[in-house]
Amino acid sequence: MEVVSRNFIEQIIEKDLAEGVYDTVHTRFPPEPNGYLHIGHAKSILLNYGLAEKYHGKFNMRFDDTNPTKEKNEFVESIKADVEWLGADYENRLFFASNYFDEMYECAVKLIKKGKAYVSELTAEEMREYRGTLTEPGKEDPNRNRSIEENLVLFEEMKNGKYADGEKTLRAKIDMSSPNINMRDPILYRVAHLSHHNTGDKWCIYPMYDFAHPIEDAIEGITHSICTLEFEDHRPLYNWVVEELEYPHPPKQIEFAKMYLTNVVTGKRYIKKLVEEGIVDGWDDPRLVSIAALRRRGFTPESIRLFVDLCGVSKANSSAEYSMLEYCIREDLKLKRPRVMAALDPIKLVIDNYPEGQSEILTIANNLENESLGTREVPFEKELYIDREDFMEEPPRKYFRLFPGNEVRLMHAYFVTCTGFEKDENGNVTVVHCTYDPASKGGNSPDGRKVKGTIHWVPASSSVKAQVRLYENIVDEEKGVYNEDGSLNLNPNSLTVLKDCRLEPSVSDAKAYDSFQFVRQGFFCVDCRDSKPGELVFNRIVSLKSSFVLPKDQKKE
């Protein structure tokens, strides 16, 4: 018998289905459009979508746009793009909380008529004073026992714009002595004379999240409202709202632990500051871990899904290493992407005994571990580019690449022996000279002699000039993410730009988001913003080597 391991949310859902609490599964992803999504949101997106898919249910995309002070259409569009890129298909179910503002207003009126809500005149400071503490009960609002009729008039006047921001609020009438502070007559509506990105100037009162969210879920027929642990203490209020409003099939709120990534910046306040100060070039700067930034850097939806799967779903907060995310993109790309040769810090290699004007075409496998990716043709000629680190005038012991008198293999091509080099006026090596063995084509000598070093190369005349960007963590991991004053501890070496790289001609037609493995260098992706035809810009997604080791219990059989 097959043993299937289910996380605690799946166990709850299966129990609900078995007991007839619900006859289907309907989930949603409900972001507030006040910034770009980050890697932590990817877990919520994929969890909610994955549950709907697993139980043949439905998945909604809904914007919780109840706070017009921070919301923009730019964020709406970026979030839609992220969700769709991750493969979470909401079909035609795209909703906005603001579409329900009329119904939410009627819900508030219903609570007033039931004697469950009242209009308050306390200031924000007085509200805090009256609220009490974790050890002391709160005090009743002086207006708590206003008549229903008076509350209805005042609430309508709030809606009609009679009062200034902060002058009046609508509060739930629950229990000022509740041990759960969220149940001490929470605010349901506040006055805010602000234009809304979706409803314009129709409203000058806006519902609070804790009031709006359960109503949205109930209207849409959500069965399981999956949210993160900080909302656990809000669950009694969530249940109170749907019960008092008498929804026939109330949704069930379930909380899970957030996914934290070590040594990264996810706070919107910090990212906004980095953008405004020009330290990064936008919310999608490849050094960030917003979903847009990861996509621009070259991460794939499959790699994010693998990462989320490896992190799992639990009630306990935990952190994942960034190296695990890097492991996931390596695993996804290593068999899918062609391996090409690139000289990131190029110097010229001249084969002195190669016939002048001759060129030959070498047929090279795109990926030695995946024959289905086929082959490509690369020209070989007298003048090539190699990486500067592959030549040394005075090498240390166990250096097996090019140096005077040493023989190496040019990858896929011939054996060559270094015969000399040229320098510029500053003493920098500019040209390396060598001779080749024509009998060693394909990288093997007919007399059986061995060479210890193999280096890559690109043909000089047809090489593709490109800019390459190398990234490190935007914060200094050794010193920690934050300084004592709360500011970010920035890494001054987080971005290195190499402007005169030379790549083999097979990449000349590369488009935005195309990715490759550069031999010995790592995986690289064509930048979607700055790259142009004839002016390619590559972002390094990840280097080839990693210290991360997947635990044995998570390895595939």
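This is a predicted model: local features need pLDDT of at least 70, side-chain atom pairs count only at pLDDT 80 or more; totals for chains, interfaces and linings use all residues.

**Nonpolar cores**

The largest nonpolar core comprises 43 residues, and Ile39, Leu261, Ile304, Phe307 and Leu325 have the most contacts inside it. Helix 12, which spans residues 322-333, gives the most to this core, with seven residues. Another core lies apart from it and has 36 residues, including Tyr100, Met104, Leu170 and Val241.

Which residues does isoleucine 39 touch, leaving out those up to four places away in sequence? They are Met259, Leu261, Val289, Ile291, Leu294, Ile304, Phe307 and Leu325. Among these, Leu261, Ile304, Phe307 and Leu325 are listed with Ile39 as the residues with the most contacts inside the largest core.

**Helix 11**

Helix 11 runs over residues 301-311, and its buried residues are Pro301, Ser303, Ile304, Phe307, Val308 and Leu310. The cover over these buried residues includes helix 2 (39-54), helix 3 (73-85), helix 10 (291-297) and helix 12, along with strand 10 (259-261) and strand 11 (318-320). Just after helix 11, glycine 312 has a positive phi of about 75°.

**Pocket and cavity**

| Space | Volume | Lining by class | Largest share of the lining |
|---|---|---|---|
| Largest pocket | about 990 Å³ | 15 nonpolar, 10 polar, nine charged | helix 2, five residues |
| Largest cavity | about 80 Å³ | six nonpolar, four polar, two charged | helix 7, four residues |

The lining of the largest pocket is made up of 34 residues; His41, Thr228, Glu230, Phe231 and Lys258 lie nearest the centre of the pocket. At least two lining residues come from each of strand 1 (26-29), helix 2, strand 8 and strand 10.

Lining the largest cavity are Arg28, Tyr209, Asp210, His213, Pro214, Ser225, Cys227, Phe231, His234, Leu237, Tyr238 and Gln253. Helix 7 (209-220), strand 8 (224-228) and helix 8 (235-244) each provide at least two residues of this lining. Phe231 is one of the cavity-lining residues and is also listed among those nearest the centre of the largest pocket.

Conventions. Residues are numbered from 1 along each chain as its sequence is written. Side-chain values use heavy atoms; hydrogens and water are left out. A nonpolar core is a set of buried Ala, Val, Leu, Ile, Met, Phe, Trp, Tyr and Cys residues joined through side-chain atoms within 4.5 Å. Buried means under 20% relative accessible area, exposed over 50%, partly exposed in between (1.4 Å probe, protein chains only). Contact means heavy atoms within 4.5 Å. On a 1 Å grid over the protein atoms alone, a cavity is a set of points where a 1.4 Å probe fits but cannot get out, and a pocket is an open set with protein on both sides within 12 Å along at least five of seven lines; lining residues have an atom within 4 Å of a point. Grid points are joined across faces, edges and corners, and a volume is the space filled by probe spheres set on the points. Ala, Val, Leu, Ile, Met, Phe, Trp, Tyr, Cys and Pro count as nonpolar, Asp, Glu, Lys and Arg as charged, and the others, Gly among them, as polar.
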